[in-house]
Amino acid sequence: MNDHGMLIVVSGFSGAGKGTLMKELLKRYDNYALSISATTRKPREGEADGREYFFVTEEHFKEMIETDALIEYARYVNHYYGTPKEYVSNQMKMGKDVILEIEIQGALKVKEHFPEAILIFVMPPNAEELKRRLIGRGTESMEVINARLSRAAEEAEGMEKYDYILINNQVCTCVEEMHTMIQVQHNRASNNTEFLSHIREELKNIKS
Ligand code: 5GP
């Protein structure tokens with residue numbers, strides 16, 4: 001089978017619990033690498049530069065766009081967010097499945113450039129739960145929470161474009177479901193074209 005890693009795009013409404021899911025997935029399995037995005041938003045309390053994000057100025061971000069250093073980028077509630085190319089391609093070459101935790105515009109750009117990528121949309125069991133989680137996090141003002149809830153309603157329009165949706169009821173079962181989705185994607189015939197050609201060649205040689 002192909003030995004290079006895959007791109008896994010995980011989106012979901014702000015507050016859907018993606019962060020916790022990702023942490024748990026990385027803890028349980030060692031075939032994943034989490035891409036660290038660049039952003040122009042300010043760090044939240046407890047976030048560190050180079051760990052949650054690379055926190056950069058708008059000028060620096062624009063330079064990254066111009067030098068083609070990003071796989072994709074988007075604006076989200078007044079800030080830029082983007083995926084640096086280098087880390088992602090190095091990790092994939094090393095056989096890691098690289099997770100991009102990004103919003104919908106970026107996700108669709110990734111699918112356009114890398115059709116073999118798997119797009120997963122994580123959502124809370126219902127909208128009330130989403131609001132409760134956003135408020136409970138206590139890191140944003142009510143104004144920002146409302147802007148993020150409006151954005152969630154917008155993003156909900158594009159959910160059908162994802163390959164899978166994942167309801168985040170319980171972290172432990174959700175992590176296993178996500179791992180299974182990714183493993184299944186590895187086995188798709190269209191993701192194993194090199195391996196299939198190889199087998200075809202071998203079969204031809206056996207006959208002659
Ligand atoms: P937050 O400010 O809550 O950390 O992130 C806001 C939104 O930006 C989330 O939906 C998150 O998934 C998304 N995001 C984070 N990094 C990137 C990125 O590199 N590209 C894109 N397109 N979205 C990102």
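Two strands count as paired if DSSP finds at least two bridges between them, and both helices (H or I, at least four residues) and strands (E, at least two) are DSSP runs numbered from the N terminus. The model on your screen is a predicted one, in which local features need pLDDT of at least 70 and side-chain atom pairs count only at pLDDT 80 or more, while totals for chains, interfaces and linings use all residues. Residues are numbered from 1 along each chain as its sequence is written, and side-chain values use heavy atoms, with hydrogens and water left out.

**First stop: a hairpin.** Select Y73, which stands opposite G82 in β6, and then colour β5 (residues 70–76) and β6 (residues 79–84), which run antiparallel and are joined by six bridges. Between the two strands of this hairpin there are two residues, and V77 takes a positive phi near 40°. Five of the seven residues of β5 are buried, where buried means under 20% relative accessible area, exposed over 50%, and partly exposed in between (1.4 Å probe, protein chains only).

**Second stop: the open sheet.** Now show the five strands that lie in the order β2-β7-β1-β8-β9, with parallel pairing. Because β2 (32–34) and β9 (164–167) stand at the edges with a single partner strand each, one side of each is left without a neighbour in the sheet. Follow β2 to β7 (residues 97–101), with which it pairs in the parallel sense over three bridges; here Y32 has D97 as its bridge partner.

Select the ligand and the 16 residues around it, of which S37, R41, Y53, Y81 and E103 come nearest; a residue is near a molecule or strand if one of its heavy atoms lies within 4 Å of it. An N or O atom in the side chain of Y53 is 2.5 Å from an oxygen atom of the ligand, and a polar side-chain atom of Y81 lies 2.6 Å from a ligand oxygen atom. For E72, the distance from a side-chain N or O atom to a nitrogen atom of the ligand is 2.7 Å.

**Last stop: K18.** Finish in helix α1 (residues 18–28), where K18 has its place, and where this residue is buried, with a relative accessible area of 14%.

Conventions:
A polar contact is a pair of N or O atoms within 3.5 Å; within protein, one must be able to donate a hydrogen and the other to accept it, and residues adjacent in sequence count only if both atoms are side-chain atoms.
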